[in-house]
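Dear colleague,

Please find the structure below, handed over for your records.

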Amino acid sequence: MSEAMLGGRFTFPGASLTVGRIGYGAMQLAGPGVFGPPKDPEVAIAVLREAVAAGVNHIDTSDYYGPHVTNQIIRQALHPYPSELVIVTKLGARRPPDKSWQPANSPRDLTAGVHDNLRNLGLAALDVVNYRAMGSVHGPKEGSIAEPVTALADLKREGLIRHIGLSNVTAVQLAEAQAITDVVCVQNNYNLAHRHDDALIHDLARQGIAYVPFFPLGGFTPLQSSTLSDVAGRLGSTPMQVALAWLLQRSPNILLIPGTSSLAHLRENLAAGQLTLSPPILEELDGIAAAAAEH
Ligand SMILES: NC(=O)c1ccc[n+]([C@@H]2O[C@H](COP(=O)([O-])OP(=O)(O)OC[C@H]3O[C@@H](n4cnc5c(N)ncnc54)[C@H](OP(=O)(O)O)[C@@H]3O)[C@@H](O)[C@H]2O)c1
């Protein structure tokens, strides 16, 4: 697959890591409710192998997906890893047997989490680790993240982590983290209908830092909008392709990690890099966020 088809390239700041702007989010592979066992382990492996064969070199994961299951599938499917593959993982949560999502952000939790990721992925060092602030149910919540970020910076100095990112954070928390260590990416909830981070994206673009939307397709309830369907129909594409193409055009520092456990959806999502949205179409799509904001 050509670079254009994968949405062009992006190099993380201060890093030798360059990725295609269309990557892959592995969370859906863990199984229903992001808790193992996987729906279909054979298909999960096939999805990962096809993604990489198609040119994807950015995979987003966490050892708390499953827990452990997603990383183990990635290892089974792809190890030994191609040299250009960048695996981005995240720390900050744990999944007890009741399947809830609980914070795990003490220095001790984070150190244990790094070792879990290294063991389950079969790596000696992690390319990028996002500190995932647990925030509130709906998104980030102000509050110091200095302690966990300092713990990750220590693990970076030990050579277990190469680069640090943040997830589910505010601009204030980003600035606090940047006073402690370099930040190469921010991963927050953002898509066509949910645009609370417009100012943050602009600021990160100015700094050359990647913005990696989670729930790029709407997450557990994929985006549904008559405007999106109408536009997709007129362009001969699908609503999800329009949603991904919109993100690619929104800002050059946006990297995509759409999640799927389906080969057909993977192919559809990778092809979104070929779609160009004209200014009138972009304007029409703005109506989706306006309508969502009214609800
Ligand atoms: N930092 C964080 O807190 C955080 C939170 C959530 C997620 N993430 C990361 O972000 C990645 C993406 O988020 P996500 O997977 O939750 O949400 P998403 O990419 O917005 O959407 C995934 C959902 O859309 C469906 N889907 C995917 N492609 C489709 C297509 N072409 N047509 C129709 N449906 C399609 C998937 O179902 P099928 O499996 O049936 O395709 C799945 O239900 C995750 O994999 C994870 O790595 C990070």
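Helices (H or I, at least four residues) and strands (E, at least two) are DSSP runs, numbered from the N terminus. This is a predicted model: local features need pLDDT of at least 70, side-chain atom pairs count only at pLDDT 80 or more, and totals for chains, interfaces and linings use all residues. Residues are numbered from 1 along each chain as its sequence is written, and side-chain values use heavy atoms, with hydrogens and water left out.

One joins glycine 36 and proline 37, with omega about 0 degrees; proline 37 lies in the loop between strand S3 (24-25) and helix H1 (41-53). Another links histidine 79 to proline 80, again with omega about 0 degrees, and proline 80 sits in the loop between helix H2 (69-78) and strand S5 (86-91). In general, most residues other than glycine have a negative phi, and most peptide bonds are trans.

Positive phi values also occur. Histidine 68, in the loop between strand S4 (58-60) and H2, has a phi near 75 degrees. For phenylalanine 215, phi is near 55 degrees; this residue belongs to the loop between strand S11 (210-211) and helix H7 (226-235).

With kind regards
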